[in-house]
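Morning, everyone. Please have a look at the structure on the screen. I'll walk through a few parts of it.

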Amino acid sequence: MTDAQGLTRGPRAYLGFVVIGLTAGLLSGLFGVGGGTVIVPMLVLMMGFDQRRAAGTSLTAIVPTATVGVISYAASGSVAWIAALILAAGAVVGAQVGSRLMPRISQRALRWGFVAFLLVVLVSLFVVIPSRESVFHLTGLSGVGLVLVGVLTGVIAGLIGVGGGVIIVPALMVIFGTSDLVAKGTSLMMVIPTAVSGTIGNLRHRNVDLVGAGVIGLSACTMTALGAWLATLIDPVTGNTLFAVYIVAIAVQMGIKALRTR
């Protein structure tokens, strides 16, 4: 079977895209992440994508996935809209800085630095466990903090290609004291403009498999709402524990890449 991009693919390839989408969608809704940390490695390992094309395809698939997630969290009032827009604005600026710094810093050093950062986040998840009834209050000081967190997220995304919810969700809970549900809903909202901006750039450089992104995105959408619903059923302590397991998996993945990088 030949797709719209002239690539010949059989049923196994499309089944692989569906499996990737279902997995990413469930985790996206459950943890408030875009799903790139799942989609990119699965595209590389299962589908034989190179890193750049996998990252570009992942960003495109994240747009519909995060949109469904935001709608699901917004239904229960768990999205801080203004905070999400401030974070997104900072992330867009930070991504530009990160992409310019990338050629000057070794990928191995960056990956080990990110692993160390994830370990700090891991510990913080069990030091501060906010109440589910916590309300986010936007002040001048918190606004500046959101900008800084957004820029940091963008820089890390530009340097390594991993960021978004892995950084935003724990930051909103630990630094700003938001509930876990608001942190996840706000994170997904922040991911949308960031993913759209990255997708436009990747389309220009032809780093997107549109058919693959479409199948993954549509498959993910069928599971994102389920993941968001499951998040409301899990208490904050259990939610933080599951998110910690997710972070450990990412840290191990980055550590392996760092060891393999010369």
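Start with helices α3 (residues 51–74) and α9 (residues 210–233): their axes come within 8 Å and cross at roughly 30 degrees. Axes here are lines fitted to C-alpha atoms over the stretch in contact, with angles from 0 to 180 degrees between N-to-C directions. That makes α3 roughly parallel to α9, a term for angles under 35 degrees. The crossing is right-handed, meaning the near helix is turned clockwise from the far one by less than a right angle.

A word on the source. This is a predicted model, where local features need pLDDT of at least 70, side-chain atom pairs count only at pLDDT 80 or more, and totals for chains, interfaces and linings use all residues. Residues are numbered from 1 along each chain as its sequence is written, and side-chain values use heavy atoms, without hydrogens and water. Helices are DSSP runs (H or I, at least four residues), numbered from the N terminus.

Next, helix α7, residues 165–174. Nine of its 10 residues are buried, so α7 is largely enclosed by the rest of the structure. Buried means under 20% relative accessible area, with a 1.4 Å probe and protein chains only. Among the buried ones are V166, P170 and M173.

Now the largest nonpolar core. It has 67 residues. Such a core is a set of buried Ala, Val, Leu, Ile, Met, Phe, Trp, Tyr and Cys residues joined through side-chain atoms within 4.5 Å. I39, L43, M190, F243 and Y246 have the most contacts inside it. Y246 touches V166, among others, with contact meaning heavy atoms within 4.5 Å.

Definitions and conventions. Buried < 20%, exposed > 50% of the residue type's maximum accessible area, 1.4 Å probe, protein only. Helix = DSSP H or I, 4+ residues; strand = E, 2+ residues; numbered from the N terminus. Parallel < 35°, antiparallel > 145°, perpendicular 65-115°, else oblique. Lists of a residue's contacts leave out its neighbours within four places in sequence.
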